[in-house]
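Here is a note to read beside the model. Please keep the structure open while going through the points.

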Amino acid sequence: MKFTAPIKSDSIKIMLLGSGELGKEVVIEAQRLGIETIAVDSYNNAPAQLVANKAYTINMKNKNEVLDVIRREKPTYILPEVEAINIQALFDAENEGFHVIPNADAVNKTMNRKNIRQFAAEELKVKTGPYEFVSSFEELKKAASNMGFPCVIKPVMSSSGHGQSVAKSEADLESSWEIAKEARGDASELIVEAFIKFDYEITMLTVRNEKQTVFCEPIGHIQQDGDYIFSWQPMQMSEKAKENAQRIAKTVTDGLGGRGIFGVEMFVQGDEVFFSEVSPRPHDTGMVTMITQSQSEFALHVRAVLGLPLDYIDYGCGASAAYKAKDDTFNPIVEIEDGAFTKNSFVRVFGKPQSHVGRRMAVALTFDKDSSQKALEVSKEIISKFSDC
């Protein structure tokens, strides 16, 4: 492959639509290869905008604004990094010859829980838990009765767990309805899922291009209100369960097609594996790969996009712990003790220009040669000493 320099007439260009902390790492990895980077988001000074060659702030739900910035910059590759994008703009850009990663249809399927669940369960025939879609409170009550309690209720479109709740009884349904309706994204329809009594849940990072498909070691994680707070790698699981997880991940990602990394979320019960969701981009639980692998999920994503080989080295076990803001401020400051920076641990501060309660502002990463659980305990200890100033 021939590599170019940025800001030239023949530069290879990557445009990110969505420029948060995950996009920031993608930009850094792309720039290490001399790729010109363009970071687009709906607010100024988003993390990836701070390190990209160029930055734009637009209404990403407005088709014309999205297409305008694409046509102006003419990127080699367009990387959607968030759900809140006008999907028709991506289809139009693809029809005009632009390369959407992995492709516009895959983005469309995965940004909507209804689309991806029906695609996975009904077309690809992978194992999922029971589910129903509802658009009224009366339908919600009926679906919850069919699923049984507890059941999980989510908007068909949202990000980072927004609008998700668990109804433990019929008395919780009204609250779950309100939580879902107040979520950002499209809450006109909800998915009601039977609560699977799983042993644990994992993310199977799956990297693919036309040459090969590669799996990272499974990542265990803990969520709170649908958003990740801790992850560790590898998740200890039986070889049979791991094989089943990889088979499902390959089936789903082959079905979606295209290049890039996919975060395939699954529930594991013994050796049985149930598909849950998939993101066609780096996954927040995969930030742990910045300390466990020679090529992080972000580096692998860039390699896959460029059609490069996807081999990497596993260094050992590791964990990540997200720090979430405790205050609302336009001047966020995170106080971190020096002890967080050792030969086996470090911190990534995202540099977000504004904080609000619960917003992810930093992540602590820890390494242990032999034990992901030891790494997890250290990461929890480190993050417990963070504070807002």
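**Notes on rings and cores**

1. The charged end of Lys380 sits over the ring of Phe230, 5.0 Å from the ring centre. A charge counts as over a ring if NZ of Lys or CZ of Arg is within 6 Å of the ring centre and within 35 degrees of the ring normal. Lys114 likewise lies over the face of Phe133, at 5.4 Å from the ring centre.

2. The model is predicted: local features need pLDDT of at least 70, side-chain atom pairs count only at pLDDT 80 or more, and totals for chains, interfaces and linings use all residues. Residues are numbered from 1 along each chain as its sequence is written, and side-chain values use heavy atoms, leaving out hydrogens and water.

3. There are five aromatic pairs, where rings of Phe, Tyr and Trp (its six-membered ring) pair if their centres lie within 6.5 Å; planes under 30 degrees apart are stacked, over 60 edge-to-face, and the rest tilted. Tyr323 and Phe386 are a tilted pair because their planes are at 55 degrees, with ring centres 5.4 Å apart. Both residues are buried (under 20% relative accessible area; exposed is over 50%, partly exposed in between, with a 1.4 Å probe and protein chains only).

4. Phe195, Phe198 and Phe267 are linked into a cluster by ring pairs.

5. The largest nonpolar core has 41 residues, and Phe386 is among those with the most contacts inside it. Such a core is a set of buried Ala, Val, Leu, Ile, Met, Phe, Trp, Tyr and Cys residues joined through side-chain atoms within 4.5 Å. A second, separate core of 27 residues includes Val26 and Phe350.
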